[in-house]
Amino acid sequence: MATYIISYDLDNPGQKYEKLIAAIKSYGTYAKITESCWCIVSTDESKVIRDNLESIVDGNDKLFVAKLTGQAAWFGLSKSTSDWLHNNL
C-alpha cells in the first residue's frame, strides 16, 4: 500500500464534483487536504488511479496523481487531516 496525492481542476462550474469525490472516497482510506486536493492509500499505481478518475472528468479538466515518498510538510490543516497525514505517509 502506498499513499497518493490527487489534485484536480474542473474547469467549468457545476462539473462532476460529486462523482469525482465519490470515486476518490471509494479507495476507502482518504483525506481531503484542500478544496481540490486529496490523499488516498491504495495498492494501485498512479497511472491506474489516474485512469479510474479520468473516466469521470471532462476532457478540458486537469488531474494530477502522484505517489508520495513519505516526506511532507504543511501548514494550516486541521488536526484530523494532520493526524491522517502523520499516520499514512
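In this predicted model, tyrosine 30 is partly exposed, with a relative accessible area of 31%, whereas tryptophan 38 is buried at 3% relative accessibility. The count of aromatic pairs comes to two. In one of them, tyrosine 8 and tyrosine 17 have their ring centres 6.3 Å apart and their planes at 55 degrees, a tilted arrangement. The rings of tyrosine 30 and tryptophan 38 likewise form a tilted pair, because their centres lie 5.9 Å apart and their planes make an angle of 55 degrees. Tyrosine 8 counts as buried, with a relative accessibility of 4%, while tyrosine 17, at 32%, counts as partly exposed.

| Residue | Relative accessibility | Class |
|---|---|---|
| Tyrosine 8 | 4% | buried |
| Tyrosine 17 | 32% | partly exposed |
| Tyrosine 30 | 31% | partly exposed |
| Tryptophan 38 | 3% | buried |
| Cysteine 37 | 11% | buried |
| Cysteine 39 | 3% | buried |

The sheet comes next. Four strands make up an open sheet in the order S2-S3-S1-S4, and their pairing is antiparallel. The antiparallel strands S1 and S4 are joined by six bridges, and tyrosine 4 has lysine 67 in S4 as its bridge partner.

Helices lie against this sheet. Helix H1 lies across S1, S2 and S3 and runs at about 175 degrees to S1, and helix H3 (residues 79-88) also packs on the sheet, where it touches S1, S2 and S3 with its direction at about 130 degrees to that of S2.

Which residues of helix H1 are buried? Within H1, which spans residues 17-25, the buried residues include Leu20, Ala23 and Ile24. They sit on the same side of H1, because the arc they cover around the axis is only 100 degrees. The face turned away from that buried side carries the exposed residues Glu18 and Lys19. The cover over the buried residues of H1 includes strand S1 (2-9), strand S2 (29-34), strand S3 (37-42) and helix H2 (46-54).

Helix H2 has Ser46, Ile49 and Leu53 as its buried residues. Their arc around the axis is only 70 degrees, which means that they lie on the same side of H2. These buried residues of H2 pack against S1, H1, S3 and S4. In the loop between H2 and S4 lies asparagine 60, which counts as partly exposed at 37% relative accessibility. Asparagine 60 and serine 7 are 53 residues apart along the chain, and their C-alpha atoms are separated by 15 Å.

For cysteine 39, the closest cysteine sulfur is in turn that of cysteine 37. In keeping with this, a search of the whole structure finds zero disulfides.

Conventions: Residues are numbered from 1 along each chain as its sequence is written. This is a predicted model: local features need pLDDT of at least 70, side-chain atom pairs count only at pLDDT 80 or more; totals for chains, interfaces and linings use all residues. Side-chain values use heavy atoms; hydrogens and water are left out. A disulfide is a pair of cysteine sulfur atoms within 2.5 Å. Buried means under 20% relative accessible area, exposed over 50%, partly exposed in between (1.4 Å probe, protein chains only). Helices (H or I, at least four residues) and strands (E, at least two) are DSSP runs, numbered from the N terminus. The arc is that of the directions from the helix axis to the C-beta atoms. Contact means heavy atoms within 4.5 Å. Two strands pair if DSSP finds at least two bridges between them. Axes are lines fitted to C-alpha atoms, for helices over the stretch in contact, and angles run from 0 to 180 degrees between N-to-C directions. Rings of Phe, Tyr and Trp (its six-membered ring) pair if their centres lie within 6.5 Å; planes under 30 degrees apart count as stacked, over 60 as edge-to-face and the rest as tilted.
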